[in-house]
Amino acid sequence: MTGTEKIWVIQGGGLAAWAAAALLARHLPSGHSVLIEAAAPPALGEEPEVVIADPDGVLVQLSDGAGLLAHGHGGFFLGSLLRNWRDGRDIAVVEQEPLPGIDGVALADVVLRVARQSPDAPDYAALLAPLQFQARVMAAGRYAHPSPDRQSPRSLLRPRLMLDARVLTARLRDIALRAGVRETPEDAREVRAFMTLETRANGVFSGDGDWTARLGYDRCLTVRFAGGDHAPRLDIANLEEGLASRSPLPGGGFASLAYAADRATADVAKTALAAWLGGIDVAAQSDVALAPGLDTHPWSGRRLAIGPAAARFGDALGLDSVLLERQLTQLVASLPGASDQISACAEAYNEAVVRDMRHRADRLHFILLCGSQGQRLAPAGDDLARRIAQFTSRNAGVGLDGDPYDAQHWIMLMASLGLMPRRYDIQADRLDIKAAMASLGRMVIAFDQTLAALPAHSQFIDRLREGG
Amino acid sequence: MMIQNDAGPIRKIVILGGGTAGWMTAAALSHRLAGSPVSIELVESDEIGIVGVGEATLPHIRAFNTAMGIDEQTLIDQTQATFKLGIQFVDWGRPGDSYIHPFGAYGEPIEGIDFHHVWAARRAMGDAADISDYSYPVRAAEANRFQRPVSDPGSMLSTFSYAFQFDASLYAAFLRQVSCGRGVVRTEGRVVDHVLNGATGDVDAVVLSDGRRVSGDLFVDCSGFRGRLINQALETTFEDWSHWLPCDSAFAVPCRTTAPVGPYTRATARAAGWQWRIPLQHRTGNGHVFSSAHISDEDAVATLMSNLEGQALAEPRRLSFKTGRRQRLWSRNVVAIGLSGGFLEPLESTSIYLIQLGITTLLDMFPDRVGMAADAQEYNRIMALEFDRIRDFLVLHYVANQRDEPFWREMRTMTWPDSLSAKVEAFKSRGLLPDYDIGVFLPPSWLAVLVGQNIVPNGWDPRVDRLEPHVLSDKLGALRDAVRSTVDRTPDHMTFIRDAAARAGGLQ
């Protein structure tokens, strides 16, 4: 270390800390060094136990995360299944490639017109459901890689990886240390830092960043279990006691129940989660505070909060690990090389990351508002209210800067959760409705046939492990 | 059987005004609503002249024309159009400066790092290459050459887009012909009054000077600066931006084309404003936009006339305007499109773009009579965002100057919009460019104008410093060579136009 060296200090010893360390070690030029405070790893449930990662994203690139699948440390992720969410229906939450329209009319508008065509036609959501190919693959527990052939239904798939966070963290730690990151047992606060990255949760988020009232929980019970099936999805349920989530990995997985301490005790939460999971073997469990929310200025001066220090929502929808990946991606894009760049980098980072986190958290809020406990929650914020208004008015999404979800995703989600638009695009009236229905029918048949030919996800993973 | 979308559908649309905005609206609505029971009536008066804003366009116009079913060659023939690869700014930073804001990117990312970071780092190390050396559309425009882009992402010819320079009055006439052929009813008459619904406050009808009433469910106000409905009937507040963009007048005049017809529009800074030059096939459009507080009309005209490239073909025509926008471009059942909704000087050819955006947004959320307020609210949000971001982009051209005239000194020292100050500081310190999804000007445009106005980053993405200098040097050299050799193989602009017309059977 030289006197002019710029030292990046990372506080924390979990996934966020080691991922940031490996990331910085890869991208920083000479003259910068990374020092990580040798903190104990987080307790069960304090950071995501299962990571949902983009196959082309920073976490996989840093760690060769795809290789973890072949070693039995993960699987694929196609989406989340909200169990028994509305009128006894399971609701799929997936991010597939957009479906093509018919004769220039968005598919959702065609479907809505068909739904209004005849009183005998199924309702809007029921008509849309068979067109959500990725949702059907996910619900069936099957899997195949996306196809580059645009004519194939498999080209609609947009899978992610679902990885064991502890294994991933260990790998990132090795990579970081090999790349020159120094681990210190000393208190890193004594070091004159160029930048300090804080990764550990700091209790309740303040002001507009406190989402406790919107999401309705402030503690989280997490269990590690053995056995169970290995589907390419998260299962989520809105129990009376809280929000339950199950994340499978090969040979086991993790489950959690996010609950409100003033409405349920830890024992009640344990009983509820165990009942929901059924007869599985619990290997470990932990109950921790989880006040959901986000830091609305995660980068302030020379301090940058990432991971649980920047945002924490729990395991539902894999949100926490997805947010971490977004933070890391933006950190690379906003990396400062000198002190006089920090202010501009912080502003760019905060704008991009905070709006992304808000969009994603809005989606979770919306899903919970439409669940059986929705009446207990604070109402939608401005952006979410705008989305709801535009969908219910005209079956459309809303263009917002930095929205990670496309319009079709929001439309499918809102329709699935029971919202009904007042009207559709007037262009849909121009279509020959019989021809349009025939087109939809052919699409569904193609999806049926493709789905039937896909292997089970667990089979696919087994083949991967065998080198197939 | 036609299935009704919902209760209270729109049955009758009335468009006020037959300029570029009016006929673009009529053409788009008549195409999109063909076969529906919606009727469209356009009211215009031959007594009222049209402003004929914007002869220069942005690449988005192509998607609009395609969506209307308009063949590109037909459009070129009908409007005496030329192609456009960007806008040249002369003397804007300081006298003698010149740069082109191209419709395309500079270079290509290297190891995942945006190109301009690499360029800035190399520049700091003494590499003298201009950033335009890495832009095919800039170098092709300067050489008066043009060809259409290709889709192969490996080709240099996939790195740009193009627009048109056309005669706006011919464009309006062409669209009038198209629209009337699609069933739009044109009514000759001057609107002198309006009828408001006592219960809802909506406009029920407009009254013509001969006493006829034209009623409708939805009114599109394309009546120009006066805003016959949005302003005079509904009194919608106008947000005045003249403190940021003080030019309030223009003289316009066409002249003969003498120089080679370049595929670009030119904006030359003058002592109290700027002058445009837009070369068409049959003439060249010229105009001098100026601040009347800084120069007299006589001097403004003299400046314009003494800087024409060819013989003037008409007397200069004076235009007055106030920069800004309506706080609500959609109020009640009236949507303001074009100058009635707001005005931004045509420095970056945004006039027709804003018309187009107003139309496509209206079509996307085509309302019914029930619950129009929710649609209006969203429409106004989208349009306001677009106006505001274009405003910042225009202001950048003025404030980042090093000229000595009083007008330019005032522009340099004025209070900037906060949203702009942050953008410029971010670029200066670390090469960070605005990052938004909603808006016409994306990072390459900001880069072109920032660098063109002599704002160069002092810092860059530190990842550049990990790259091997000799590897970078080789890559950059190869990029410059690729631009040069591709330009060399590109046909002359006017030759391309004539050949295309000949192939289509237009010119012999």
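In this predicted model, chain A is divided into domain 1 (6-75 + 163-357) and domain 2 (93-158 + 380-452), with bounds that come from an automatic or database domain assignment. The C-alpha centres of domain 1 of chain A and domain 2 of chain A are 32 Å apart. Domain 1 of chain A brings 8 residues to the contact and domain 2 of chain A brings 7 residues, two residues being in contact if their C-beta atoms, placed from the backbone, lie within 7 Å. On the side of domain 1 of chain A that touches domain 2 of chain A, helix α11 (residues 342-369) of chain A gives the most, with 3 residues.

Residues are numbered from 1 along each chain as its sequence is written, and chains are lettered from A in the order in which they are written. Local features need pLDDT of at least 70 and side-chain atom pairs count only at pLDDT 80 or more, whereas totals for chains, interfaces and linings use all residues.

Chain B contains 14 helices and 21 strands; helices (H or I, at least four residues) and strands (E, at least two) are DSSP runs, numbered from the N terminus. Of the 508 residues in chain B, 50% are buried, that is, 20 or more other C-beta atoms lie within 10 Å of the residue's own, with C-beta atoms placed from the backbone.

Between the chains, 32 residues of chain B are in contact with 34 residues of chain A. Of the side of chain B that touches chain A, α9 (372-399) and α11 (418-430) of chain B each supply at least two residues, and the largest share, 5 residues, comes from α11(B).

Technical notes:
A residue is buried if 20 or more other C-beta atoms lie within 10 Å of its own, exposed if 12 or fewer, and partly exposed in between; C-beta atoms are placed from the backbone.
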